[in-house]
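Subject: Structure handover

Dear colleague,

Please find below the structure I am passing on to you. My findings follow it.

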Amino acid sequence: MNLDLLRSVHVFPIRHHSPRSSAALRAFLEHTRPSLVLVEGPHDATHLLAALVDPGTKPPVAILGYRVDGEQGSSLWPFATYSPEYVAVKWAAERGARAEFIDIAIGTALAPHEGEVVGHEDLDDPGSEESWAPEHEADEPAAAVAQVQEEEEEAPRVNVYQACAEARGFRSFEEFWEASFEAPAYDPSSFREALIAYADLVRAEGDRLVHRARDAFMARQVLERIEQGIAPERIAVVVGAAHAAAFAAGDVDLSLDECLPAPVPVAATLIPYSFPRLAEQLGYGAGNRAPRYYQRAHDAGCDFQRATLEVLVEFTEHLRLRGFMASLADTIEAYRLAVRLADIRGKAGPGLDEVREATIATLCRGDAAHVDGFLWPAMIGKSVGHVASRIGRTSLQEEFWREVRARRLPASDAPESFTLQLTNETEVGTSIFLHRLRIGEVPYPTYLGTQRGLGGRAARAKQDAALDTQAFLSQVNEAWEAQWTPATDVALVEKIVLGDTLEQVVTRALGERLANAGGAGDAADVLLDAVLTSCPVTVSAALRACDRLAAYDDDLPSLARTTSNVSYLVSFGSTRSRSSVGDQVLVPLARKSFDRAVLRVRQACTGDDEAVAPIKGALRTLHDLATSRPYLDQQAWAEAARDIAETFTVNPACSGMCCGLLYLAQKLDEDEVSRIVGLRLGAIGEPLAAASFLDGFLEVNALVMVKSRPVVEALDAFLAGIAPERFRETLPVLRRAFSRLGTTERRYLLENVLVARRIADRAEAAHIVLLEQDRERLVAMSDELSAAMDDLDELL
Amino acid sequence: MTDIRLPAEVKHKAELEALAASDNAPRPPGWRLSPRAVETYVMGSDTPVGGVLITPKYIGDRALVQVAIATLASDRALMLVGEPGTAKSWLSEHLAAAISGTSGLIVQGTAGTSEEQLKYGWNYALLLAEGPSQKALVPSPILRAMREGKFARLEEITRTSSEIQDALISILSEKQIAIPELGEGVSAARGFNIIATANTRDRGVNEMSAALKRRFNFVTIPVVEDLEQEIRIVTRREAELRSDYQVGVEPPAELAKVLVTLFQELRAGVTKDGKTKVKQPGSVLSTAEAISVLFNSGILAQHFGDGQVTPEDLVRSLLGAVAKESRDDVKAVREYCETVAKGRAGLWKEFYSAAKRRLNP
């Protein structure tokens, strides 16, 4: 193949998502009038171009390429209206020219290569290496390590961009780019020269092999078209600046494309995209700092001054709406200041930084809060694109969008919160829908809490901990936050292998969990999730699994959980249907697992402190169930618990806990408790074991314990009786035990100790100490209170 | 030179002249330097200009200085706001010196500032003898600035009463002062503008009206949060003070670091590593305060010590700076010493033991 032919082709360099590139490109295309426009983009996605330029498609949209061989891996090729690639394709469609993608296939871009995926980033964009990293989740740790090393090696290169910017007196690369390439009103040829000169500079710093290989691949594609008989001067090639510079310099080694790995099996589709995501991928493309601002500039014919004015007028409006003084004179001054600042900095026109700083100095009177809180988000925008109906959506996408529209759920790329009242049928349906998305791992809903009140600061913690399904089922309202992101659609496309409807996806996911269930407890958890998401098939499967597993499950916590979950279903007459299962199935199952659990108590309670930690939780669950569910054998539990409380061969913490539980349920009277506690804490016993007993005992309900004078007396005698040399080793356990006591408990304890030691007259001194602590707490509380008042002020 | 403190335009005369000589960028009317050269004067330059090294006057965000300069070139006045001791007046002085050649046209805002100080007064002997005349008129700094096309400075604007603030509105919007007694008015020559400063701690003392605010562009001078940056500021300014006053000895660099770290941690209420919470004192621990503490300990060492600045000297000067507002603040420093300083190595050890001796009641 003749590389020289490459020079007679009209090559135009671009940077992704750069309005100036787009404007210059359009003028260039108008001037050269090619009949074939070759664009940097995966060549096997050329069939999506028709849908991309369809009038029904409204950018931002993205080509989603994803692996279909069961491996994780997908990548996005986003397009905004102002993306030069989109402009090129659109121009071709308008002028009847042919448009094709010429970059490496999606499958090649997703294929692993030297410890990371090949990718489709361009050399001329800083930070592009990292920006895609989260998309390709490296499964094996080895790959992750390799990736880290790679990034470390490349760190000096990333600094080339920063150095380039700093040398010209700019704070960041983006500012440099904006001032050097976006703001000046270039004609196509001077823009082309400037951008290629810049790309040459970056290329001189060394190039990654995959970039060079892609140079070769794209060059080959172009040459093939020429061989097919299209005159080179009838071809326009629209590629990233570094590729264009390579073509212009003839610096292409055609043999290099052989080093690209074999493609992995993939599929591609077009999905909606959004401005916030574009802004997130800073580094992949220019102008992404503020997509809406760039959109405005693009719409105004790449006029940044106009975009600046529009943004400022909108912001003035916003300030007025919020009740702030904002005059037109301020707006004018903000604009003038932005222009003057740009002038001082030697820029052709104001950019984002100038707009920001000028607005703070004028409209905001030196206070950056409004600018960061509103102006900036408004520059980014939250628009979501739309894909023409000719692109077949997966049935999951159909279902998702149908439900979202019908239920009027948020569909924009900004978090919105709302509360569902589970007393009406429709909102229960919405809740089921959201829970299905949650369990199906489709990123869209976030569960905030039970009430609006929680929706504030407390719920910001979000659902990091595993959510308790029982808590869901008992609620009458749920607070949610939902945000559509392109990741939602990505997940919906990828999940289609699990089922055609959300119900199938969830059934499948729960089915897998059921198959992996190690004990009855796991199966019972699935059971509740199945009820929550209204999956009748799974409900009955989970019931059967519970029944089967409970028969030979020896794990006490698991059995306790089973009992708890099943008896929860028995008594829950709430919002969701639990399909066809009735009490005749559930009650026997609950009894079965309960009885089995009670038989396992003794055995479970032997073990060291670490081993019995989960057991203690199970003991409490069993106790609560035994005392509240009439159909469970309360007597058997009481006997088992008493046995534990009295036995010295089990873990003393369990004994303490059982003793406490029984005392709380009034199954043990004062005398018996003081006898048991006295025995345990008596001088003959091991102090460590005694302290451990105490720990378990106080864990149940410390307040009740410290209010009982006989208990406190026994305690006092025990503490005073520990030999000094043993005291040190007992101390950690004692500390833990007493750390459970709050201020009130401590006060009761102190009072009782004082009485027990007959030194009540000195109580005054102790009282003062306690008061001092309370005062500090009051001060802390009033801090919180004033913070809340400040918040309120802000709101008003 | 016997003056303790020279105004910026005298002290940095050589720098300003060198900048003016090599400055060929266009200058706004009435300006002695182009905006770029003013920026270089304030921020300093790595390479000498016309053979003269330009020292940095303000160490901090360049963008902020650019906004200030761009504002002054327009018809809006500049308002510098910030916590006490963040170099507002300092920046205002240097901007006025660089742009107008004088930083002396200054009105100090107080509760007693009168309209005469803002506009004009009379030499009453002359007034009684000859009646109103130009000779009998005593112009205010602002009136003089208007006549000469220079910058006037207005310090602590929020301290002045609302009548004075209202009088300022007409000066700023009309750019002239009427003198009805003479039947004439003075209109501002090109190059006139006002740099005002206001203290955020004073917010609410005499809150500015919306109408007055509209006449200003606001630049907020931030409290320095970067440790190295603040150490640079403190040591540089301390050295300047030492040479101005011809007193004191140079403190070791590590001591400055101890001091600035202490200030920043007390200010933030948490240690630099974010691990320990610290009680915040009520008094303002500004950069200016740190400079004076360091300078002060140098004097103590020179005259009452052995000529070496020790942590002991630092603690002694620190006490006066911190305990301005209430005794509780000393308690806060004591707590800080016990929870933070105690566990640290190096000079901190000496600092801790000195603090223990000095601070305990």
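Chain B contains 16 helices and nine strands. Please note that the model is predicted. Of the 361 residues in chain B, 43% are buried. When contacts in chain B between residues at least 6 apart in sequence are considered, 71% of them join residues at least 24 apart.

The sheet

Five strands of chain B form an open sheet with parallel pairing, in the order β2-β5-β8-β1-β9. The edge positions belong to β2 (106-108) and β9 (216-221) of chain B; each has a single partner strand, so one side of each is left without a neighbour in the sheet. From one strand to the next, the twist averages 20 degrees. The partner of β2(B) is strand β5 (residues 151-155) of chain B, to which β2(B) is joined by three bridges, the two running parallel. Within this pairing, B:Ile106 has B:Arg153 in β5(B) as its bridge partner.

The helix pair

Helix α12 (residues 253-268) and helix α13 (residues 287-304), both of chain B, have axes that come within 10 Å and cross at roughly 145 degrees. This crossing of α12(B) and α13(B) is right-handed. On the α12(B) side, the residues that meet α13(B) are B:Ala256, B:Leu259, B:Val260 and B:Phe263, and their counterparts in α13(B) are B:Ala290, B:Val293 and B:Leu294. By class, the contact of α12(B) with α13(B) comprises seven nonpolar residues, with no polar and no charged ones.

Yours sincerely

Technical notes
Residues are numbered from 1 along each chain as its sequence is written. Chains are lettered from A and ligands numbered from 1 in the order in which they are written. This is a predicted model: local features need pLDDT of at least 70, side-chain atom pairs count only at pLDDT 80 or more; totals for chains, interfaces and linings use all residues. Helices (H or I, at least four residues) and strands (E, at least two) are DSSP runs, numbered from the N terminus. A residue is buried if 20 or more other C-beta atoms lie within 10 Å of its own, exposed if 12 or fewer, and partly exposed in between; C-beta atoms are placed from the backbone. Two residues are in contact if their C-beta atoms, placed from the backbone, lie within 7 Å. Axes are lines fitted to C-alpha atoms, for helices over the stretch in contact, and angles run from 0 to 180 degrees between N-to-C directions. A crossing is left-handed if the near helix is turned anticlockwise from the far one by less than a right angle, and right-handed if clockwise. Ala, Val, Leu, Ile, Met, Phe, Trp, Tyr, Cys and Pro count as nonpolar, Asp, Glu, Lys and Arg as charged, and the others, Gly among them, as polar. Two strands pair if DSSP finds at least two bridges between them.
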